[in-house]
Amino acid sequence: MEQTHISKYDTETLDGALFAELLRAGAANLLANKDEVNDLNVFPVPDGDTGDNMGMTVRGGVAALDNITEYSLSDVSETAAQGMLLGARGNSGVILSQFFAGIVSGFKGLEKADISVIKNALNLGVKRAYSAVMKPTEGTILTVAKEGAESAKNISDNATVGELVDALVSGMKESLSHTPEKLPILAEAGVVDSGGAGLVYIFEGFLEALKGEEINTTQSSFFAAAGSSPDLSAFGPDSEMTYGYCTELLLRLQNRKVDVEAFEPSVITEFLETVGDSIVAFKTDSAVKIHVHTLTPEKVLEFCRRFGEFLTVKIENMSLQHSELNAEVQNSKKAGSAIDRSGEKKKFGFIEVASGNGIKKTLRDLGADIIVDGGQTNNPAISDFIDAFNSANAEHIFVFPNNGNIIMAAKAAAEMYDGDVRVIESRDLGAGYVALSSLDPSAADADTVESMLNDAMVDVDTGLVSVAIRDAEMNGVSIKEGSYIGFVGKTMLVCEENAADAACRLIDKLLENGEKYMLTVFTGQDATQNGISAIEKHMESAHSGIEIYFADGGQDVYPYIIIAE
């Protein structure tokens, strides 16, 4: 018998169970369309990742709901928002997590919400999202959220939830269509804002679920936790527990057990120091995120339950991870940096975000303590940064995001972390590379180090070469699909038939003001020896006085990353 889908469109209130259903539908709809969102990248290069970032962010919220036991609207929305925050990736993901965090404040303490409450919650979500951005730009996901909420606000308080979401989606779609008028770079590229498009897909999923329509959720890996299966042979019947358990908890503080508002996570931290190391504990509203390496996870569970109940619990035998960790330590020692996850904290720690084995090794050579895997198409989550801060084991931690789309996540993680974390706003690899290479390790204080790092980045330009994935006209440069383009930041500079020619023309642009004296070229997976030779010959004939250094970066997407200083 064919299944009958019951429409929720005409319901007059939103409760926790329905909100959870809508979130899952929204996540699934975004998944089904994430490649289209990725392809809305302003630059016609194969590095669009907005759909992936927003997808993984909302996945964090959906996954957090798997362990929920209380289905009030307040509990569901807060749990989902917390999951989104920890899983947030990229600027669009962080803004999305803040939008839902604002909505949570409108549902706080409620079993369900009527239309007037939902409209107010949407408005609070918009305000929270705008406040998360230092210099909000119109024509982005922010505008789409704001104008969608304004359309929903015009709906009568006697309307149904379906009618409200219908108006919200219509307003968002209308706003999205006008984003190129508000942001010239979108008009030039011939695309609408990708973050706004992702937001529309999420709420279209809400609307489809309210109407009882089928949403394709066959790609269940979207909701599954990332990571590969452990090597179970690493711990057999005669093995001894040496490395302990990596124990991670998400604890919901309970009013019947503790004063939730006044509770300080230091109470937990002080106990954890007696049973383990690699400790982190931070509080967001009524939830506490906990991480510790311990031989006695049962003691951690028993102690923490004095204050609340668990939303999620993850306990992993670190012996199963030891081979991988050993390799990381050996690689770091070869590269001249030490990863010390125990003992007294050192004074300064340096964290770089990078991809490509060659680039990672170079940064370790320069003194990076921790490399967070990431970059274009692979933005790390807020939780990845928090893990890195903990592993750095330093009094003062300096973080190089090395990508403008990663800075917000790094800053959000720094605000959540209990320690001195300073985000050096390196917007590309060149800035993070030159800043670290110029560091004087004898600097006496953190303020001096921070000033030195920021000063070192000022006169650095980073040029990128990549294949074009569509025709375009940008900054006066005519681009053909399949050709190679060269650009700096958000400025398109050259287009040539092959990668080496594009690199040569890009170098000419980087050196035309006569202020640069050295080039470092990280060659990617698609670079060729013939191409490198062509660049060397061009330098000899056109820029013989400029020093150039080639390094095997191993990065994807960009055959050549050219750093001019």
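For the classes used in these legends, Ala, Val, Leu, Ile, Met, Phe, Trp, Tyr, Cys and Pro count as nonpolar, Asp, Glu, Lys and Arg as charged, and the others, Gly among them, as polar.

**Figure 1. Overview of the predicted model.** The structure shown is a predicted model, and the protein in it contains 20 helices and 18 strands. Of its 565 residues, 55% are buried, while the accessible surface comes to about 25,100 Å², with 46% of that surface belonging to carbon and sulfur atoms. When contacts between residues at least 6 apart in sequence are considered, 71% of them join residues that are at least 24 apart.

**Figure 2. Close-up of the largest cavity.** Searching the whole structure gives four cavities of 30 Å³ or more, and the largest of these has a volume of about 150 Å³. Its lining is made up of 15 residues, and those lying nearest the centre of the cavity are Leu14, Phe19, Ile118, Leu122 and Phe206. By class, the lining of this largest cavity comprises 15 nonpolar residues, with no polar and no charged ones.

**Figure 3. Helices around the largest cavity.** At least two lining residues of the largest cavity are supplied by each of α1 (16-38), α4 (90-107), α5 (115-131), α7 (161-177) and α10 (194-210). The largest share of this lining comes from α7, which contributes four residues.

**Figure 4. Close-up of the second largest cavity.** The second largest cavity holds about 50 Å³ of space, and the residues that line it are Ile95, Leu96, Phe99, Val126, Ala129, Tyr130, Ile141, Leu142, Ala145 and Leu199. Two or more residues of this lining are given by each of the elements α4, α5 and α6 (141-153). The lining of the second largest cavity consists of 10 nonpolar residues, and neither polar nor charged residues take part in it.

**Figure 5. Helix α14 and the glycine that follows.** Helix α14 spans residues 357-365, and the buried residues in this helix are Gly358, Ile359, Lys360, Thr362, Leu363 and Arg364. As a guide to reading such a view, an α-helix has 3.6 residues a turn, so residues three or four places apart point the same way. Just after α14 comes Gly367, which takes a positive phi of about 115 degrees.

Conventions:
Residues are numbered from 1 along each chain as its sequence is written. This is a predicted model: local features need pLDDT of at least 70, side-chain atom pairs count only at pLDDT 80 or more; totals for chains, interfaces and linings use all residues. Side-chain values use heavy atoms; hydrogens and water are left out. Buried means under 20% relative accessible area, exposed over 50%, partly exposed in between (1.4 Å probe, protein chains only). Contact means heavy atoms within 4.5 Å. Accessible areas come from the Shrake-Rupley method with a 1.4 Å probe; for residues, only the protein chains shown count as cover. On a 1 Å grid over the protein atoms alone, a cavity is a set of points where a 1.4 Å probe fits but cannot get out, and a pocket is an open set with protein on both sides within 12 Å along at least five of seven lines; lining residues have an atom within 4 Å of a point. Grid points are joined across faces, edges and corners, and a volume is the space filled by probe spheres set on the points.
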